[in-house]
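This report covers a chain-to-chain contact, a helix pair and some backbone details. The sequence and structure come first.

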Amino acid sequence: MGMHEPVIVGVADEPLVNGKVARPGSPLQIQARCAKAALRQAGLDLGDVDGLFTAGMWGVPGVGQLPTVTLAEYLGIRPTLHDGTNIGGSAFEAHVAHAALAIETGKCNVALIVYGSAQRSEMSRNLAGRPASLTMQFETPWGLPTPVGGYALAAMRHMHDYGTRPEDLAEIAVAARKWASLNPAATRREPMTVDDVLAAPRISTPLGLLDCCLVTDGGGAVVMTRASNARGASLKPVHIRGYGQAATHWTIAAMPDLSSLTAAEMAGRRAFDMAGVSHDDIDLVEIYDSFTITTLMTLEALGFCKRGEGGGFVGKGRIAPGGAFPLNTNGGGLSYAHPGMYGIFLLIEAVRQMRGEVEPERQVHNVRTALVHGTGGTLSSGATCILSVD
Amino acid sequence: MKPSPIADPGTEPYWEALKQRRILLKRCRSCEKPHFYPRELCPHCYSDDLDWVEASGKGTVYSYTVVHRPAGPAYADDVPYTVAVIELAEGPRMMSWITGDDEVRIGAHVKATFVTVGDIVLPMFEPVSG
Ligand SMILES: [Zn+2]
């Protein structure tokens with residue numbers, strides 16, 4: 001630890017109705033609302049922010065190419081630390097790590113991590129992927145739907161190597177839906193069975209529609225500062241115990257091993273080593289579930305079960321409400337919301353659970369230590385944060 | 001219109017060779033390992049001493065997926081189509097399509113076939129017995 005201990009002191013997200021922001025807004029408006037709400041929770045205001053962290057696909061090409069610069073102008077602030085690190089949906093876990101480093105060493109006093117997307121309202125989502133230039137000249141011409149096709153290639157190989165079944169993946173979607181049914185803010189709350197998941201239209205085999213995350217709007221913000229600044233905050237500060245990040249590829253053919261998530265193995269190991277905790281110490285896990293296979297491979301890679309044993313691990317209700325391993329307790333990207341980059345919502349849910357402020361039906365009791373893991377790109381990057389409360 | 005690969009000085013020889021039905025790989029003269037896609041430095045030992053070698057066109061299916069929801073309207077007439085990662089006999093992996101009506105399986109032996117699409121040639125793969 002450096003001179004100052006970094007803590008999370010505020011989180012906020014933007015309410016959705018049927019997957020769209022309840023109050024219509026541009027990605028800039030959404031981010032401004034979330035920033036204001038998260039800072040208010042911390043007893044701070046925008047004028048206190050000297051470190052701005054964001055990642056997103058809004059305004060690209062255009063003003064979004066320099067997202068922190070555009071956002072600072074829009075918010076009327078002049079941060080002296082800009083971090084637009086974009087390693088995909090896991091970027092926000094990386095932002096927490098970078099903000100922690102900056103706060104520790106006195107280079108940042110108040111860090112605002114913020115995200116906003118109106119992809120559902122704007123109908124800007126498509127599967128067509130990236131221009132066929134540079135490294136993508138070898139993948140885009142093949143018409144692999146992006147990013148689901150890459151995850152499908154991994155799922156197919158995982159099934160081949162380890163005998164993982166479509167039913168095992170379906171259990172993950174069903175558990176997420178059960179959590180979502182307890183969360184009034186979740187987008188999809190109606191009951192769903194394993195058979196429903198298996199009968200859903202195939203998108204890219206072996207993955208079907210209900211193996212895939214939702215397409216929604218969304219916005220969120222996380223505020224960090226040094227612990228000595230947090231005394232005015234009304235809610236329990238959340239400590240950053242450990243973090244790690246890694247990336248192995250972006251073109252899916254360059255993934256080192258399609259049936260194991262190397263980036264998560266690397267990131268998780270670093271986070272556990274830094275935090276000095278073991279798997280048994282983790283009370284709550286929030287994992288990026290872009291697709292059912294993502295959850296399964298991440299659980300294996302982080303060491304919660306052995307490689308190849310994820311299918312058995314997620315069965316029998318273990319990860320569903322009431323199970324021994326509370327996972328993705330807001331309903332996840334599969335059933336809560338997925339606005340393009342989901343990583344910030346993992347952090348928000350973990351913080352709310354640790355503060356004991358979610359609905360009683362889905363509140364996990366006595367969460368002292370939580371692990372959050374984001375995955376970005378096509379199983380490309382991983383970033384882990386281990387958080388705790390006193 | 002399907003998106004056509006946008007070649008650059010580092011990849012032009014690869015796309016040109018395909019027009020003669022040849023698959024070229026970059027190979028490192030230092031560690032002797034080939035790699036794909038072609039790079040300026042060897043991704044294994046970081047040497048800049050590389051040359052081009054011709055691949056045999058033989059390989060195996062490392063993984064595949066049958067696409068039912070196409071990547072945009074340009075592929076709508078093709079569904080379902082099989083996108084695969086092929087492990088070439090020389091070691092590197094590349095994305096491609098598997099053609100033909102045979103059932104695909106991981107580990108199956110395949111060989112290259114060359115398909116003209118617009119003004120480029122793409123290397124696709126078809127199953128071979130044994
Ligand atoms: Zn080499």
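The text below takes the interface, then the helix pair, then the backbone.

This is a predicted model, in which local features need pLDDT of at least 70 and side-chain atom pairs count only at pLDDT 80 or more, while totals for chains, interfaces and linings use all residues. Residues are numbered from 1 along each chain as its sequence is written, chains are lettered from A and ligands numbered from 1 in the order in which they are written, and side-chain values use heavy atoms, with hydrogens and water left out.

**Interface of chains A and B**

Contact (heavy atoms within 4.5 Å) involves 33 residues of chain A and 38 residues of chain B. Buried area is the accessible area (1.4 Å probe) that two parts lose on being put together, summed over both. Between chain A and chain B this area is about 2,900 Å², and carbon and sulfur atoms give 67% of it. On the chain A side, A:Gln137, A:Phe138 and A:Trp142 lose the most area to chain B, together 27% of what that side buries.

The two chains have 0 salt bridges between them, a salt bridge being a side-chain nitrogen of Lys or Arg within 4 Å of a carboxyl oxygen of Asp or Glu. Polar contacts are pairs of N or O atoms within 3.5 Å; within protein, one must be able to donate a hydrogen and the other to accept it, and residues adjacent in sequence count only if both atoms are side-chain atoms. There are 20 residue pairs in polar contact between chain A and chain B, both residues at pLDDT 80 or more.

Helices (H or I, at least four residues) and strands (E, at least two) are DSSP runs, numbered from the N terminus. α5 (148-162) and β7 (202-204) of chain A each give two or more residues to the side that touches chain B. The largest share, 6 residues, comes from α5(A).

**Helices α6 and α9 of chain A**

The axes of α6 (residues 166-181) and α9 (residues 292-301) of chain A come within 8 Å and cross at roughly 100 degrees. α6(A) is therefore roughly perpendicular to α9(A), a label for angles of 65 to 115 degrees. α6(A) contributes A:Leu169, A:Ile172 and A:Ala173 to the contact, and α9(A) contributes A:Thr292, A:Ile293, A:Thr295 and A:Leu296.

**Backbone**

| Cis peptide bond | Omega |
|---|---|
| A:Thr146 to A:Pro147 | about -5 degrees |
| A:Thr205 to A:Pro206 | near 5 degrees |

A:Pro147 lies in the loop between α4 (119-122) and α5 of chain A, and A:Pro206 in the loop between β7 and β8 (207-208) of chain A. A:Leu134 is placed in the loop between α4 and α5 of chain A; its phi is near 50 degrees, a positive value in a residue other than glycine.

Conventions. Axes fitted to C-alpha atoms, helices over the stretch in contact; angles between N-to-C directions. Parallel < 35°, antiparallel > 145°, perpendicular 65-115°, else oblique.
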